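Trainee: Before I ask about details, could you show me the model?

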Amino acid sequence: AAKAAGRGRHRFYEPSMHSNAANRQMLENDLRGALERDELSVVYQPIVRAAGEEVAGFEALVRWQHSKRGLVSPTEFIPLAEECGMIGPLGEWVLVEALQALRSWPADQRLAVNLSPVQFNDPRLVDMVAAALAVSGVDPARLELEITEGVFLTDCDTTEATFTRLKELGVRLVLDDFGTGYSSLGYLKKAPFDKIKIDRSFVRGAGSDQSRNAAIIRAIVTLAENLGMDTVAEGVETDEELQLMRDLGVSEIQGFIFGHPVAIEEAIALAQGKVVTTDGSLFLRDPRQ
Ligand code: C2E
Ligand code: MG
Ligand code: MG
Ligand code: MG
C-alpha cells in the first residue's frame with residue numbers, strides 16, 4: 001500500500017505527521033468521555049439587525065474544556081466527532097441545552113444551532129429535533145438550523161425529504177458559510193432555506209479595495225431577496241465592514257463588532273439589552289444611545 005501511494009508515501013513517516021495522527025487518536029478518545037465528564041459547554045454570539053442594531057437572536061456554539069489541553073476549538077473536534085460517531089449525541093446535547101437557554105430570552109429573539117451534515121445520515125434526526133422542541137416548549141419558529149453546503153455532497157434521496165420534514169416542524173433553515181463550498185445555485189432549489197449566511201471570507205476586508213467581495217455580497221443579497229430569503233453576514237469586525245454590509249442591504253450582522261460568543265448568563269443580559277460593555281470581550285452597542 002505504501003508503494004501504491006507513490007510520491008506521497010514519505011508523508012506517512014514524517015514524525016510530525018505521525019504525532020498528528022497519534023494526537024487525533026488521543027483527542028478522539030478523550031472526546032468520547034467529554035459529555036459524561038461535563039467538559040462541553042455552549043456559548044452564544046449575538047446576531048444583530050443591521051438597521052436598528054437590536055438583538056435578533058443568538059448562535060449557539062459548542063466549547064470543549066479539555067482537562068489537560070484547555071479549550072479545544074470546534075474546528076478541531078467537530079470533525080473528530082463526525083468521524084467517531086459522536087456528532088449525534090453531541091449535536092443533540094447542544095440543541096437541548098440551547099433550547100433551554102432560549103426560554104430565558106425575549107420572545108421575539110431567535111436561536112441558531114449548527115447541524116452537521118453527518119447528522120443528516122441519521123434517520124432519527126427529525127424526530128430528535130421535534131422531541132427537543134417539545135421538551136423545551138418554545139415556538140419552533142424561533143429555532144434556526146444552520147447547515148453548510150456540505151450536506152449536499154453525499155446527496156442521498158433522503159436529504160431533500162429531511163429538509164422538507166424539518167421545515168414542517170416550523171423551524172427556519174439557514175444555509176451557513178455560503179460561498180465557501182461548491183456554491184451550486186442548485187442547492188438553493190433543493191431545500192426551503194429561509195436565510196443565507198454570507199461567509200466571513202467575503203466580509204473580511206470587503207470595504208478596502210476588495211470591490212470583488214462587495215460585488216459578490218451584493219449578488220448574494222439580490223439572489224436571496226428574489227427568493228424571499230433573509231441574509232446575515234458573519235465575521236463583521238470593523239465599522240467599515242458594518243457600514244458596507246448595511247449599504248449592500250444585508251439584513252442581519254454577526255461578528256466581534258457586536259459581541260463575541262459568551263456564556264449563558266452574559267447572553268441573557270445582552271438579550272435584555274442590559275450589558276453595554278465590560279472589559280472589551282463583551283460589547284453590544286445600545287441602540288437607544
Ligand atoms: P460557524 O457555524 O460558521 O460559526 C461562526 C464562527 O465564526 C464561530 O467560531 C465564531 O466564534 C466565529 N466568529 C464570529 N464572529 C467572528 C468575527 O467577527 N471574527 C472572527 N474571526 N470569527 C468570528 P467557532 O465558535 O470557533 O466555531 C467554528 C465552527 O465550528 C462553526 O462555524 C461551526 O461550523 C462549528 N461548530 C461550532 N459549534 C457547533 C455545534 O454545536 N455543532 C456543529 N455541528 N458545529 C459547530
Ligand atoms: Mg453557524
Ligand atoms: Mg458560519
Ligand atoms: Mg464560518
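Predicted model: local features only at pLDDT ≥ 70, side-chain atom pairs only at ≥ 80, totals over all residues.

Mentor: Residues are numbered from 1 along each chain as its sequence is written, chains are lettered from A and ligands numbered from 1 in the order in which they are written, and side-chain values use heavy atoms, with hydrogens and water left out.

Trainee: Which residue bridges the magnesium ion (ligand 3) and the magnesium ion (ligand 2)?

Mentor: Donors are N, O and S atoms within 2.8 Å of the metal (3.2 Å for Na, K and Ca); water is not among the atoms, so sites may look incomplete. The magnesium ion (ligand 3) is coordinated at 2.1 to 2.2 Å by Asp-176 (OD), Asp-177 (OD) and Glu-234 (OE). The two magnesium ions, ligand 3 and ligand 2, lie 3.7 Å apart, and the residue bridging them is Asp-176.

Trainee: Is Glu-234 buried or exposed?

Mentor: Buried means under 20% relative accessible area, exposed over 50%, and partly exposed in between (1.4 Å probe, protein chains only). The relative accessible area of Glu-234 is 9%, so Glu-234 is buried.

Trainee: Where do the buried residues of α4 fall, seen down its axis?

Mentor: Helices are DSSP runs (H or I, at least four residues), numbered from the N terminus. The buried residues of α4 include Leu-125, Val-129 and Ala-132. The arc is taken from the directions from the helix axis to the C-beta atoms. The buried residues line one face of α4, because they fall within an arc of 160°.

Conventions
Helix = DSSP H or I, 4+ residues; strand = E, 2+ residues; numbered from the N terminus.
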